[in-house]
Structure formats: structure tokens, C-alpha cells
Amino acid sequence: MNRKPNIAVVGATGVVGSTFLKVLEERDFPFENIYMMASAKSAGKKLTFKGKEYIIEELTEHSFDKPIDIALFSAGGSTSEKFAPIAASKGVIVVDNSSQWRMDKEVPLVVPEVNPEDIKWNKGIIANPNCSTIQAMVALKPLQEKYGIKRVVYSTYQAVSGSGVKGINDLKNGLAGKDDELQAYAHPIAGNCLPHIDVFTDNGYTKEEMKMINETHKILDENIKVTATTVRVPVFDSHSESINVELEKPFELKDVVELFKNSPGIIVQDDVANNVYPLARDAAGTDEVYIGRIRRDFSLDNGLNIWVVADNIRKGAATNAIQIAEQLIKDMDD
Ligand SMILES: NC(=O)c1ccc[n+]([C@@H]2O[C@H](COP(=O)([O-])OP(=O)(O)OC[C@H]3O[C@@H](n4cnc5c(N)ncnc54)[C@H](OP(=O)(O)O)[C@@H]3O)[C@@H](O)[C@H]2O)c1
């Protein structure tokens with residue numbers, strides 16, 4: 001491409017959308033024109049980006065009649081279901097944050113540190129994985145390459161910002177002693193851990209748990225045995241995950257630590273003698289995936305336990321999508 005791309009941010013007023021704008025600005029993402037889109041509710045309102053005011057447009061069937069190269073969608077599954085194909089049919093490449101297209105065989109599901117090569121076979125829509133999956137993939141990819149992975153057990157401790165504005169409100173209200181009007185959850189979140197993220201499916205797992213299982217298969221390897229328990233905890237930002245891994249080959253712990261240290265997107269924080277391990281509050285506002293508590297699982301051969309923390313709105317959503325868009329631009333230039 002011998003010019004800067006035109007981009008659209010769909011869902012620009014939301015928790016993820018506003019982080020898109022922050023990250024685009026921080027990374028000095030190149031663009032010629034940028035269009036801010038949301039629902040009819042926000043149409044006509046103004047928002048400021050890079051010191052300039054933009055008027056928010058209502059997303060309609062005609063929003064992509066103008067020349068747009070890349071659209072970053074974070075406006076929910078039904079919006080993506082309807083509008084992403086319309087955009088793609090007009091030559092726009094959509095990077096979608098909803099779960100709508102993730103398991104579609106025609107749609108690449110991408111974490112740039114893990115499977116950037118899949119970006120190239122897109123047919124107009126590229127899916128961003130679920131926030132809890134993204135950070136797990138960054139951690140597991142080097143292990144898969146070096147040792148092979150047999151089985152993974154995920155136990156997650158997920159922040160309320162993963163439920164958008166409503167989740168944040170439930171925790172804020174709960175901390176203020178007002179638990180009677182819940183917006184996001186079935187039970188008060190303040191002072192609680194809710195083993196219930198997204199809806200329950202017929203097999204007893206929640207949709208969030210099935211997303212982690214299915215997306216791990218699509219991104220890493222369908223032969224890996226995976227199980228998950230996902231839990232919402234009273235934390236505002238950053239998801240924490242205990243990941244138990246059974247590797248194919250034997251390993252030395254010090255080699256695993258070195259492997260993580262030398263892998264893209266990872267920062268190792270593992271010095272228990274000094275109480276150093278990844279913490280949600282420290283990860284908030286950053287783009288890396290933090291790994292600590294790296295230790296052998298003595299209960300099985302080639303077993304490993306790790307603690308993995310990342311900002312769910314940045315690496316788990318906005319940053320990952322923008323990294324995909326950056327790679328798209330590079331591919332267009334090649
Ligand atoms: N929060 C996370 O950790 C996270 C992580 C990964 C992916 N996601 C996904 O990202 C999406 C947005 O999540 P969020 O947390 O940012 O939600 P949110 O704060 O509730 O924001 C929703 C955004 O979508 C817009 N929108 C809603 N209906 C629309 C429509 N019919 N047409 C155009 N725009 C519409 C809203 O615009 P108005 O302000 O005009 O209503 C708003 O900008 C969801 O699909 C979610 O699953 C979220």
C-alpha cells in the first residue's frame with residue numbers, strides 16, 4: 001500500500017473501543033482518515049482522538065460505502081454478525097473482537113505472537129480470540145514448540161472489566177454497599193468469586209470455558225486435551241490464570257524459564273524469595289503477558305504449573321487487534 005490506510009473503529013464508545021483509541025494513539029498507528037462508529041444512541045456525539053474532535057457516526061449498511069481499508073469491531077456479536085460481512089463485501093478487512101466469527105473455518109483466529117501467518121488467508125474477517133485465551137496462547141506457544149503439549153488445565157480469575165461497563169458498575173456498587181441492583185452478574189461480585197462467566201451450556205461448562213477449550217484447539221493444536229474452570233473475581237482490571245500443563249517431553253525448569261524469557265510478548269516475574277510474581281494491578285495498563293510461579297507439577301510426568309497475568313482489555317482485546325492490523329499493513333506493503 002503506497003498510502004496510509006483509512007480505518008474505522010466500530011463500538012468506539014465502549015470499554016474496548018475507547019482502549020482501541022488509546023492504543024492507536026500510543027503506538028502512533030498510521031492512518032489517513034479515521035471514522036468513529038457506534039449505535040444510534042451515540043450518533044452525533046463527539047469524541048477526541050489525537051487532539052482532534054470526531055463526530056460519532058451511527059453504524060448502518062452504508063457506513064462502508066466510503067473507502068475504508070481496516071475496521072476494528074468491538075460492538076458485540078450480533079452487530080458483528082450483521083455488519084462484518086457487509087464491510088468485507090466492500091473490500092474492508094474487519095478485525096473483530098466479538099465471539100461471532102472465531103470458530104468459523106473461513107476466519108483466521110489470530111494472536112500475533114503465536115500464529116501471525118494465519119492473517120494472510122483472511123477473506124475479509126479476522127477474529128481476535130477471547131481475552132482469557134489470548135494470554136494463555138502467548139504463554140503456551142513456546143512450550144508447544146519446544147516440548148509438545150499433551151494436556152492443559154485452565155483455572156482463571158477474571159476481572160470485571162471483561163463484562164464491560166456493567167461489570168465495572170456491579171463491583172463499584174458492591175464495594176459501596178449497594179448490591180441490590182445488579183447489572184452484569186447473577187450474584188454480588190464484591191467479596192465473592194463467581195464460577196460463572198457467560199451462560200451455561202448443555203454440557204455443564206460455561207460458554208467462556210468452552211471458548212478457551214475450542215480456541216486453544218483452533219490456534220495451537222486440536223489434539224491437545226483441554227479443560228477449564230473460569231471464575232469472575234472482584235478485580236477491576238487484568239485476568240489471572242493458573243495453567244497446569246502436561247508436556248510430551250521431559251524438561252529442566254531452568255530451560256523453561258529461559259524459554260519464556262526469550263519468547264515474544266512475555267515478561268517473567270518469578271522470584272518468590274522476594275515475593276515477586278505477576279499481579280493483576282501491576283499488569284493493568286500494559287501490553288505484555290506476565291508469567292511467574294513457574295514450578296514442576298510433581299503429580300505427573302512432565303507436569304508444569306504457571307501463573308499467567310495480562311490486561312484483558314489491552315492484550316486481551318484492543319492491543320491484540322491493533323497488532324493484527326499492524327501486521328496487515330506490513331503484509332499489504334510486501
Ligand atoms: N471487555 C472485554 O474484556 C472484552 C474483551 C474481548 C472482547 N470483547 C468484546 O468486545 C465487544 C465490546 O465489549 P465492551 O466490553 O467494549 O462493551 P461495551 O463497553 O458495552 O461497549 C459496546 C460498544 O458497542 C456499541 N454498540 C452496541 N450496539 C451497537 C450497534 N447496534 N451498532 C453499533 N454499535 C453498537 C456501543 O455503542 P453505544 O455506546 O452507542 O451503545 C459501544 O460502543 C463485545 O463483543 C465483547 O464481547 C470484550
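This is a predicted model: local features need pLDDT of at least 70, side-chain atom pairs count only at pLDDT 80 or more; totals for chains, interfaces and linings use all residues.
**The annotated pair**

Let's begin with the record. In an unreviewed entry, UniProt lists Q158 and R232 under "binding site". The two are spread over 75 residues of sequence, yet they cluster in space, with a largest C-alpha distance of 4.7 Å.

Q158 sits in strand β9, which covers residues 149-158, while R232 belongs to strand β10, covering residues 225-232. Is Q158 buried or exposed? With a relative accessibility of 1%, Q158 falls under the 20% limit and therefore counts as buried. R232 has a relative accessible area of 6%, so R232 is buried as well.

Who are their neighbours? Setting aside residues within four places in sequence, Q158 is in contact with S132, I197, E208, T230, V231, R232, V233 and H239. Counted in the same way, the contacts of R232 include Q158, A159, V160, G162 and S163. Further along the chain, R232 also touches Y185, I189, N192, C193, L194, I197 and H239.

**Around the ligand**

Now for the ligand. How many residues surround the ligand? There are 25 of them, and the closest are T13, V15, V16, S39 and S42. By type, this shell divides into nine nonpolar residues, 15 polar ones and one charged residue.

| Residue | Protein atom | Distance to a ligand oxygen atom |
|---|---|---|
| G11 | backbone N or O | 3.1 Å |
| G14 | backbone N or O | 3.1 Å |
| S39 | polar side-chain atom | 2.6 Å |

Taken alone, the ligand exposes 900 Å², and the protein buries 76% of that area. Which elements give two or more residues to the shell around the ligand? They are α1 (15-26), α4 (164-175) and α8 (314-333). V15 and V16, named among the closest residues, fall within the span of α1.

Key
Residues are numbered from 1 along each chain as its sequence is written. Side-chain values use heavy atoms; hydrogens and water are left out. UniProt positions are given in the numbering used here, feature names are shortened, and annotations may be inferred rather than shown by experiment. Helices (H or I, at least four residues) and strands (E, at least two) are DSSP runs, numbered from the N terminus. Buried means under 20% relative accessible area, exposed over 50%, partly exposed in between (1.4 Å probe, protein chains only). Contact means heavy atoms within 4.5 Å. A residue is near a molecule or strand if one of its heavy atoms lies within 4 Å of it. A polar contact is a pair of N or O atoms within 3.5 Å; within protein, one must be able to donate a hydrogen and the other to accept it, and residues adjacent in sequence count only if both atoms are side-chain atoms. Accessible areas come from the Shrake-Rupley method with a 1.4 Å probe; for residues, only the protein chains shown count as cover. Ala, Val, Leu, Ile, Met, Phe, Trp, Tyr, Cys and Pro count as nonpolar, Asp, Glu, Lys and Arg as charged, and the others, Gly among them, as polar.
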